[in-house]
Amino acid sequence: PAHHIAFEQSAGIAAGSRFVRACLRQPVDRTPVWLLRQAGRYMPEYMAVRKHHSLLDICRTPEIAAEVTITAAERLGVDAAIIFADLLLPFTPMGLEFEFLAGEGPVVHRPVRTAEQVRALRTDRVDELSYVAQAIEKVARHFSAPRVDGDQLGIIGFCGAPFTLASYMIEGGSSRNYVETKKMMYGDGAAWPLLMEKLVTVLVGYAAQQVEAGADVIQIFDSWVGALCVADYRRYVLPATAELVQRVQGLGVPVIYFGVDTASLLPSMAETRADVIGLDWRVPLDEGWKAVGRGCAVQGNLDPITLFAPDDVLRERVREVMTAAAGQPGHIFNLGHGIVPDTPVESVIKVVEWVKEFSRHE
Ligand code: CP3
């Protein structure tokens, strides 16, 4: 099948990429670094594009999505580029309409609240998302040659995790208490598992397109999973999430599984058998690594708001994360969550430089 070819191609690329090597816990010349939301509103180059295009226009136009992805990675000097897209894009082929409202974030017009609505969700139109794969192809072509230091830049495709996507579908947008989501989870023994299963089907197909197009690694964002206690995570979310992780790994790429506010969930998240667990900033990196076990790589976990701190404080905080990782194979430096608007670009660039300075193996 086609993904076997992609696997062989990306396996060839992987050998020269310190980012991919670190995902597999192989030794690297220095700690790889990239940053969540590295292409975002803090960056003037992104805002210049946003002046003329909506967020969804950018996502759905491969030339522009690729340009935004490439510009951010090159401006920052990071070791991986994450494709510019959004978690909610798969909603359209599933039959849900949504939009992004300024200041409010995503709004789903007719939130999914009943078993009948879950049954109506489509899983057979993933092909409509091919614009994301087309953008990845352009990014992969741009970065096909090794950089000056001989390293191959890693290309990250991504999708949402079943719980986080279900929460947007059911709440109709961002949420504080996830009341409607938990109502379906606790109250409808048929609708919830069916929703999880449908999401896994769509997300595996979507990830396969991205891998075929040249993604070296897939990151699965479970941004809001920290709303769950361990028992509910294990009962209602872990089975579908583990299935997703393992089926994406079956495409031939390492998987990064990331959530926020996950300190208590980390051992259970590691049971998905993801190659890398993304740590948020609340847990000290060494404790988080212990919690997931040394069989996983870890990604993280500087508090993104430290980017507003004076240089001496920020530099020390970067050093603390590096010290906690202790140069062990399998650490990818990142933030504990995304860069927020108004973050000083110079501070972001300095963090990348400091990671390189602190981690270079002589
Ligand atoms: O470099 C990058 O990381 C950018 C690519 C990217 C976007 N969304 C573009 C975007 C990625 C990886 C995402 C994933 C995403 N989308 C997540 C998971 C990451 C996380 O932060 O936990 C989530 C939860 C979403 C859903 C989403 N999209 C929300 C809640 C919002 C509004 C909040 C906000 O920051 O404004 C968005 C909009 C969005 N997606 C923006 C960007 C750059 C900002 C809005 C804009 O440009 O108008």
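Where is the place of aspartate 342? Aspartate 342 lies in the loop between strand 9 (331-335) and helix 16 (345-359), where helices (H or I, at least four residues) and strands (E, at least two) are DSSP runs numbered from the N terminus.

The structure is a predicted model, in which local features need pLDDT of at least 70 and side-chain atom pairs count only at pLDDT 80 or more, while totals for chains, interfaces and linings use all residues. Residues are numbered from 1 along each chain as its sequence is written.

**Backbone details**

A residue is called buried if 20 or more other C-beta atoms, placed from the backbone, lie within 10 Å of its own, exposed if 12 or fewer do, and partly exposed in between.

Aspartate 342 counts as exposed because it has 9 C-beta neighbours inside 10 Å. Elsewhere, glycine 300 and asparagine 301 are joined by a cis peptide bond with omega of about -10 degrees, and asparagine 301 belongs to strand 8 (residues 297-302).

Strand 5 (residues 217-222) is mostly covered, with six of its six residues buried. Val217, Gln219 and Phe221 point one way from this strand, whereas Ile218, Ile220 and Asp222 point the other way. Two strands are said to pair if DSSP finds at least two bridges between them. Strand 5 pairs in the parallel sense with strand 4 (residues 154-160) over five bridges, and glycine 157 stands opposite isoleucine 218. Strand 5 also pairs in the parallel sense with strand 6 (residues 255-259), over five bridges, and there tyrosine 257 is the bridge partner of isoleucine 220. From strand 5 the chain crosses through helix 12 (residues 230-249) to strand 6 in a right-handed β-α-β crossover, the path from the first strand over the helix to the second running clockwise when the strands point away from the viewer.

**Around the ligand**

The ligand is surrounded by 22 residues, and the closest are Ala39, Leu87, Gly105, Phe221 and Ser223; a residue is near the molecule if its C-beta atom, placed from the backbone, lies within 6 Å of it. By class, this shell has 12 nonpolar, six polar and four charged residues, where Ala, Val, Leu, Ile, Met, Phe, Trp, Tyr, Cys and Pro count as nonpolar, Asp, Glu, Lys and Arg as charged, and the others, Gly among them, as polar. Phe221, one of the closest residues to the ligand, is also among the buried residues of strand 5.
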